[in-house]
Amino acid sequence: MKISPITTTVDFDRNGVQHGFLKLPHSHDASGWGSMMIPITVAKNGEGPTILFTGANHGDEYEGPIALFDLAHTINADDLSGRVIIVPGMNYPAFQAGKRTSPIDSGNMNRVFPGNPEGTLTEKIADYFQRYLLPLADYVVDFHSGGKTMEFLPFCCAHVLDDKEQQSRCVAAMEAFNAPHSMMLLELEADNMYDTAAENMGKVFIGTELAGGGSATATTVAIAKKGIRNILRHAGITEGELEVADTISLDMPDQSCFIFSESTGLLELCIELGAKVKAGDLIAFVHPIERTGLAPTAYHAAIDGIFSGRHFPGKIAMGDFLGVIAVPM
Ligand code: ZN
């Protein structure tokens with residue numbers, strides 16, 4: 001396969017802290033020989049494990065980028081035994097635009113892995129992670145939140161894997177991250193996700209969903225920053241005790257967790273995130289808005305559990321994710 005068109009201004013083998021760029025040629029009307037400059041920080045001290053942190057895999061999810069720009073600005077190589085690679089804005093054009101997907105090629109970073117060095121810009125970035133950055137890492141932490149269209153109970157997640165020994169290492173990392181909720185996450189379409197690419201290489205992979213709505217709060221940013229401190233200690237890259245608070249362990253056993261809208265209109269949620277529900281309980285109404293006098297469509301829980309994620313905007317369309325119910329373990 002072709003070598004990546006991305007070059008980097010950092011040396012991954014050098015000790016110390018380096019702030020630089022992944023440089024991706026991007027010829028366009030405003031810059032004929034221009035490049036997209038994706039910020040990256042590498043902090044290394046001697047031998048030890050490597051952790052790869054990413055934010056803005058989706059460009060409208062903010063806790064990860066906030067916590068990772070902060071980490072890059074404050075990290076001190078003397079405190080490390082090993083290497084920390086930080087990319088706060090993975091899908092950088094999407095992040096600049098505040099959108100889930102790239103405004104240049106509509107690429108959804110978490111649906112294009114393993115990427116393509118001769119493909120779209122989004123595919124070229126994915127290919128660089130697939131063939132150059134992921135192989136360097138022992139631990140991979142990818143920050144997500146709900147973005148503009150979803151909101152979740154703040155959770156750190158791992159996946160059910162065929163390799164149970166690898167799964168237990170991922171679960172241990174999730175528990176060390178110590179978000180308020182720890183979720184065994186069932187993906188709707190895992191095949192072309194960054195998560196799956198990392199897991200298929202045998203890496204310890206964890207992700208997050210830290211609230212959403214297209215912004216961040218003091219509470220959710222604090223969860224991200226504490227998780228970073230904890231996972232660095234768990235990996236043995238920094239010293240110190242884990243900061244441990246209660247976490248609620250949740251599972252998504254099968255597709256019956258998910259509720260999708262089969263109507264278009266105004267969303268009236270009838271319960272709050274975090275509410276305990278029983279199968280058959282009312283979750284939401286969707287009111288038609290074309291005329292008055294019509295009954296709303298009711299949506300009910302299919303299983304017992306905790307209401308863990310919701311559609312965020314006030315209006316909802318046919319086929320949209322409406323909510324998810326996870327099961328306490
Ligand atoms: Zn996301």
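This is a predicted model: local features need pLDDT of at least 70, side-chain atom pairs count only at pLDDT 80 or more; totals for chains, interfaces and linings use all residues.
A donor, in this tour, is an N, O or S atom within 2.8 Å of the metal.

**First stop: the zinc ion**

Select the zinc ion together with His58, Glu61 and His144. The protein donors are ND1 of His58, two entries for OE of Glu61, and ND1 of His144, and they lie 2.0 to 2.3 Å from the zinc ion. Along the chain, these donors follow the spacing H-x2-E-x82-H. His58 belongs to the loop between β4 and α1, whereas His144 belongs to the loop between β6 (139-142) and β7 (150-152), so the pair ties together parts that are 86 residues apart in sequence.

Why is the arrangement around the zinc ion irregular? The 4 donor atoms subtend angles of 56 to 149°; a tetrahedral arrangement would require all angles to lie between 85 and 135 degrees.

Now show the surface and consider the two histidines. Are they buried or exposed? His58 counts as buried because its relative accessibility is 3%, and His144 is buried with a relative accessible area of 7%. The cut-off for this class is under 20%.

**Second stop: Asn57**

Select Asn57 next. Asn57 is placed in the loop between β4 (50-54) and α1 (63-74). With a relative accessibility of 0%, Asn57 counts as buried. Its side chain makes a polar contact of 3.1 Å with the side chain of Asp142.

Colour the cysteines. How many disulfides does the structure hold? It holds 0. A disulfide is a covalent bond between the sulfur atoms of two cysteines. For Cys156, the nearest cysteine sulfur is that of Cys157, 6.1 Å away; the cut-off for a disulfide is 2.5 Å. For Cys257, the nearest cysteine sulfur is again that of Cys157, at 14 Å. Cys156 counts as buried at 0% relative accessibility, and Cys257 counts as buried at 0% relative accessibility.

Ser256 counts as partly exposed, since its relative accessibility is 28%. The side chain of Ser256 makes a polar contact with the side chain of Asp254 at 2.3 Å. Leaving out residues up to four places away in sequence, Ser256 touches Ala302 and Ile303. Select Val324 too: its C-alpha atom is separated from that of Ser256 by 8.8 Å, although the two residues are 68 residues apart along the chain.

Switch to the cartoon view and find the open sheet of 4 strands, which stand in the order β16-β15-β13-β18 with antiparallel pairing. Which strands form the edges? The edge strands are β16 (297-300) and β18 (315-316), each of which pairs on one side only. Strand β13 (residues 265-269) pairs with β18 over 2 bridges, and Leu266 stands opposite Lys315 in β18.

Finally, turn to the start of the chain. Strand β1 (residues 7-8) is joined by 2 bridges to the antiparallel strand β2 (residues 16-25), where Leu22 stands opposite Thr8. Strand β2 is also joined to β3 (residues 35-45), by 10 bridges and in the antiparallel sense. To inspect this second pairing, select Gly16, which stands opposite Lys44 in β3.

Key
Residues are numbered from 1 along each chain as its sequence is written. Side-chain values use heavy atoms; hydrogens and water are left out. Two strands pair if DSSP finds at least two bridges between them. Buried means under 20% relative accessible area, exposed over 50%, partly exposed in between (1.4 Å probe, protein chains only). A polar contact is a pair of N or O atoms within 3.5 Å; within protein, one must be able to donate a hydrogen and the other to accept it, and residues adjacent in sequence count only if both atoms are side-chain atoms. Donors are N, O and S atoms within 2.8 Å of the metal (3.2 Å for Na, K and Ca); water is not among the atoms, so sites may look incomplete. Four donors count as tetrahedral if all angles lie between 85 and 135 degrees; four count as square planar and six as octahedral if opposite donors are over 155 degrees apart and all others between 65 and 115; anything else is irregular. Contact means heavy atoms within 4.5 Å.
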